[in-house]
Amino acid sequence: MRLRYLPALLAGVSLSLSAAAATSDQWTLPVNVKKLDNGLTVVVSEDHSSPTVGVSVVYHVGMRLEPRNRTGFAHLFEHLMFQGTPNAPKGVFDRAITGGGGRNNGSTRPDFTNYIETAPVSSLEPILWLEADRMKTLDFNPATLKNQQDVVKEEIRVNVKNQPYGGFYWLDISQLGFQKWENNHDGYGSFEDLEGASLDDVRAFHRDYYGPNNAVLAIAGDISPAQGFALAQKYFGGIPARPVPKGSDFTEGLNTQEKRIEQSDALAQVPAVAVGWKVPDQGSADQAPMAVLSELLAGGDASLFYQSMVKGREIALNVQGGFGLTGPFEYGGPTLFTVFGLYKPNSSADAMLASMDEQIAKVVKDGVDAATLKRVKTRMLADWNNDLENILSRADTLAKLQTLWGDAHVVNKVPGWIEGVTSADLQRVAATYLTKANRTVIDRKPAVKK
């Protein structure tokens with residue numbers, strides 16, 4: 001991700017829920033999908049509540065598929081996508097979009113890389129021209145590559161090396177928790193690997209993974225499906241499909257023995273613990289229950305972990321959970337449910353783990369009462385719909401779901417999946433996945449000052 005903060009961008013354009021609702025409790029988004037002859041999949045979600053549009057182009061390549069000995073390359077390449085083409089030199093992309101009243105950004109995740117824009121509908125055609133232009137080719141030159149290598153290294157210094165805890169709860173925990181290189185290498189990249197990237201690497205990556213047949217274009221907002229498909233054909237239809245290399249097998253089973261290490265942190269003021277459990281495969285019947293269970297255990301101040309460790313035993317300063325860099329329905333390979341907690345110096349990682357185990361055991365034994373389960377589901381559904389209310393987030397979600405699931409209509413299925421989760425489902429997934437054997441733990445303590 002470039003240094004601008006993606007969630008802030010997504011929060012910038014919020015529209016009313018004027019798209020038709022099937023019932024007072026069910027909001028069904030309009031989703032229209034078409035595949036062009038060159039393999040580009042186009043998704044359009046019509047909403048005329050404001051004369052604006054959100055655009056997302058998602059490429060089905062991320063950190064898992066970057067070349068060996070080139071850690072961080074997918075993220076570096078994301079930066080290079082903003083550095084110009086022969087037709088639109090460096091700076092034109094940003095100026096054209098911001099000059100038309102819009103904004104843009106991009107981010108790299110394990111299973112995809114996304115590029116997003118939001119603007120008045122009058123700027124849609126320039127945005128599509130710019131996106132198609134950089135899908136065709138980039139300005140491959142050594143000065144740009146060197147500049148962006150330095151930019152990415154500085155981003156790592158700012159966000160990891162010079163920050164307390166340094167992202168250990170999403171970087172280090174994955175390196176420890178997974179077995180295969182595709183899943184456990186540093187997606188931010190080592191300085192050595194970043195500096196070793198060549199222009200030949202850049203050209204090959206663009207050729208192999210940035211063709212129309214490896215991409216999804218989603219448009220949400222003040223446009224009809226017919227208009228959206230016609231514009232996609234106009235700007236992208238002439239780009240030839242390109243062969244995509246066959247991906248490696250990065251599947252992994254659950255861990256069978258706990259993994260645990262201790263780290264020191266010269267910048268941390270208080271100790272912290274990160275705990276990760278491998279979660280169900282994408283499309284598993286356990287995926288939605290795992291999503292609900294994660295919210296029950298670590299979803300905010302009302303969660304079982306927060307109430308137990310922060311409010312009850314008062315051994316922690318904060319507890320939060322999530323799925324690393326992605327969400328519970330937006331991953332395409334091995335993923336961890338991770339809990340990160342700052343604990344008090346007079347406590348310990350063992351005390352934190354014991355409290356977590358106690359809450360998990362209660363769910364396994366007794367399940368969850370109806371009122372609590374309803375509260376958790378209601379919060380999840382509200383968050384899901386509130387996110388989709390924003391047309392940029394809507395376009396991005398549709399593009400990601402089409403990429404990962406092969407079906408953008410999943411956007412309208414997720415609420416039903418959440419609603420269908422039962423107490424027995426939570427008991428099953430807690431007993432299956434949240435075990436000590438499937439657990440990875442990092443205890444991060446302030447370095448002893450000499």
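How many bridges pair strand β8 with β10, and in which sense, parallel or antiparallel? Select residues 272–278 for β8 and you'll find seven bridges to β10, in the antiparallel sense. Keep in mind that this is a predicted model.

Stop 1: Zoom in on Gly276, which stands opposite Thr338 in β10. Then pick Lys278; its bridge partner in β10 is Leu336.

**Stop 2: the other neighbour.** Click Gly322 here: its bridge partner in β10 is Thr338. So that you can see the whole arrangement, show the five strands of this open sheet in the order β7-β11-β8-β10-β9; the pairing is mixed. β7 (259–265) and β9 are the edge strands, each pairing on one side only. From one strand to the next, the twist averages 15°.

**Stop 3: β10 itself.** Select residues 336–343 and colour them by accessibility. Eight of the eight residues in β10 are buried, so the strand is largely enclosed by the rest of the structure. In a regular strand, side chains alternate between the two faces of the sheet. Check each side of β10: Leu336, Thr338, Phe340 and Leu342 are buried on one, and Phe337, Val339, Gly341 and Tyr343 are buried on the other.

Stop 4: Bring up α11, residues 287–298. α11 lies across β9 and β10, at about 5° to β10. Next, show α12, residues 304–312, which also lies across β9 and β10. This helix runs at about 165° to β9.

**Stop 5: the cores.** Which residues touch the most other members of the largest nonpolar core? Select Leu293, Phe305, Phe337 and Leu426, out of 65 residues in that core. Helix α11 gives the largest share, eight residues. Another core, of 51 residues, lies apart from the largest one; Ala74, Phe93, Leu171 and Leu231 are among its members.

**Last stop: an annotated span.** Select residues 42–163, which UniProt lists in an unreviewed entry as "domain: Peptidase M16 N-terminal". The span is 40% helix and 22% strand, and its end C-alpha atoms lie 40 Å apart.

Conventions:
Residues are numbered from 1 along each chain as its sequence is written. This is a predicted model: local features need pLDDT of at least 70, side-chain atom pairs count only at pLDDT 80 or more; totals for chains, interfaces and linings use all residues. Side-chain values use heavy atoms; hydrogens and water are left out. UniProt positions are given in the numbering used here, feature names are shortened, and annotations may be inferred rather than shown by experiment. Helices (H or I, at least four residues) and strands (E, at least two) are DSSP runs, numbered from the N terminus. A nonpolar core is a set of buried Ala, Val, Leu, Ile, Met, Phe, Trp, Tyr and Cys residues joined through side-chain atoms within 4.5 Å. Buried means under 20% relative accessible area, exposed over 50%, partly exposed in between (1.4 Å probe, protein chains only). Two strands pair if DSSP finds at least two bridges between them. Axes are lines fitted to C-alpha atoms, for helices over the stretch in contact, and angles run from 0 to 180 degrees between N-to-C directions. Contact means heavy atoms within 4.5 Å.
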